[in-house]
Every structure is written in structure tokens, then in C-alpha cells.
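Please look through the sequence and the model shown below before reading on.

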Amino acid sequence: MATYTCTIFNAQPKFVHAGVASVSGNFNLGATASSVGDVIFLAKVPHASNFVSLECDHSTGSTALALSYGLASGGPAGSATFSAYIASGAQATMLRRTVLGVPAQISCSDADPNRYGILSAKVESGTMTTSLIINFVYTYRTDGLGG
């Protein structure tokens, strides 16, 4: 099991005003083969923000690869526990998840030095492949008070 990091992940989470904000990006694993259990850290989501929607898709050089999208804990070099917004999403499919009812809030421990959630993708099933490409847009709402 490997952990990869999208270049978008290097940016600080956006918590600049009250209202709706989003983070979007593209991850390309290139010639590296992925396997079941691999985790890709896509973006940082600010503490105390509320989930609004996630839209994503992925493609690979193989016939089938299922990815789950959600929140992970840990850091770029650490292990990640995973809470899924979208479980085992099929490739070459536009995957969407929006708020139903009360939106979930990103909540980090006061002892957490990072104070952000980690939007992630996790390889759930499929054969080893190269050319994994992920496109994503994660939308959230903040109250403007900062984390």
C-alpha cells in the first residue's frame, strides 16, 4: 500500500470568507502502477467547513479500477484511515455526491497540528495499472471565522 500526494495538496486550505468555496484539481500518477489499498491525498479542506458536494472522475490504462473518495487522516507520509463520500466508484463515470440533510462538518482535534481534513481517493479494487488520472471538484461552506 502506497500513499501519493496531488500537487494541489501542497496549497493551504481556502478559508478566506464566509460562504461557499471549492478546491479542484487533477492528479496523474503517470507510469507508476497503483494497487488495492493505495491512497491519494488530493486536497486540504479547512477545519470547521461544511461539506456541500464532490464531483469527480478517474480513468486508467486498465479495464476496471474502483476508487472510493472521502476524507483521510494522517499526513502525506503517514497511514490514512478513510471515511467515504463515494464508495467504489467506477472509472470513466462522473461521480457526484451532494448534501442530503444536515451537512457534515470537517472537525479536527485541537491537538491536530495540521487543522485540516484531507480529501482523498483510495484504490478499492481492480488490477494494477498505469496512467491513473483523477479529476475532482470539492465544494464546501465556511462561516468565515477560520479554523
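T139 counts as buried because its relative accessibility is 14%, where buried means under 20% relative accessible area, exposed means over 50% and partly exposed lies in between, with a 1.4 Å probe and protein chains only. The model is a predicted one, in which local features need pLDDT of at least 70 and side-chain atom pairs count only at pLDDT 80 or more, while totals for chains, interfaces and linings use all residues. Residues are numbered from 1 along each chain as its sequence is written, and side-chain values use heavy atoms, with hydrogens and water left out.

The residue T139 belongs to strand 9, and, leaving aside residues up to four places away in sequence, T139 touches V20, A21, S22, F51, V52 and S53, a contact being heavy atoms within 4.5 Å.

Taken as a whole, the protein chain has zero helices and nine strands, so that its elements run β-β-β-β-β-β-β-β-β from the N terminus on; helices (H or I, at least four residues) and strands (E, at least two) are DSSP runs, numbered from the N terminus. Of its 147 residues, 41% count as buried. Among contacts in the protein chain between residues at least 6 apart in sequence, 82% join residues at least 24 apart. The accessible surface of the protein chain comes to about 7,000 Å², and 53% of this belongs to carbon and sulfur atoms, with areas taken from the Shrake-Rupley method with a 1.4 Å probe and, for residues, only the protein chains shown counting as cover.

Strand 1 pairs with strand 3 (residues 39-46) in the parallel sense over three bridges, and Y4 has I40 in strand 3 as its bridge partner.

How many residues of strand 5 (residues 65-72) are buried? Eight of its eight residues are, and strand 5 is accordingly described as mostly covered. Strand 5 runs antiparallel to strand 8 (residues 116-126), with eight bridges between them, and L67 stands opposite V123 in strand 8. Five bridges join strand 5 to strand 6, again in the antiparallel sense, and L71 has S83 in strand 6 as its bridge partner.

The aromatic rings give another view of the chain. There are six aromatic pairs in the structure, where rings of Phe, Tyr and Trp (its six-membered ring) pair if their centres lie within 6.5 Å, and planes under 30 degrees apart count as stacked, over 60 as edge-to-face and the rest as tilted. The rings of F9 and Y116 are edge-to-face, because their centres are 6.1 Å apart and their planes stand at 80 degrees. Since F9 lies in the loop between strand 1 and strand 2 and Y116 in strand 8, this pair ties together parts that are 107 residues apart in sequence. Both F9 and Y116 are buried.

Y85 and Y138 form a tilted pair, at 5.9 Å centre to centre and 40 degrees between the planes. This pair links distant parts of the chain, with Y85 in strand 6 and Y138 in strand 9, 53 residues apart. Y85 is buried with a relative accessible area of 14%, and Y138 is buried with 0%. Together, F51, Y85, Y138 and Y140 form one aromatic cluster.

Methods:
Pairing = 2+ DSSP bridges.
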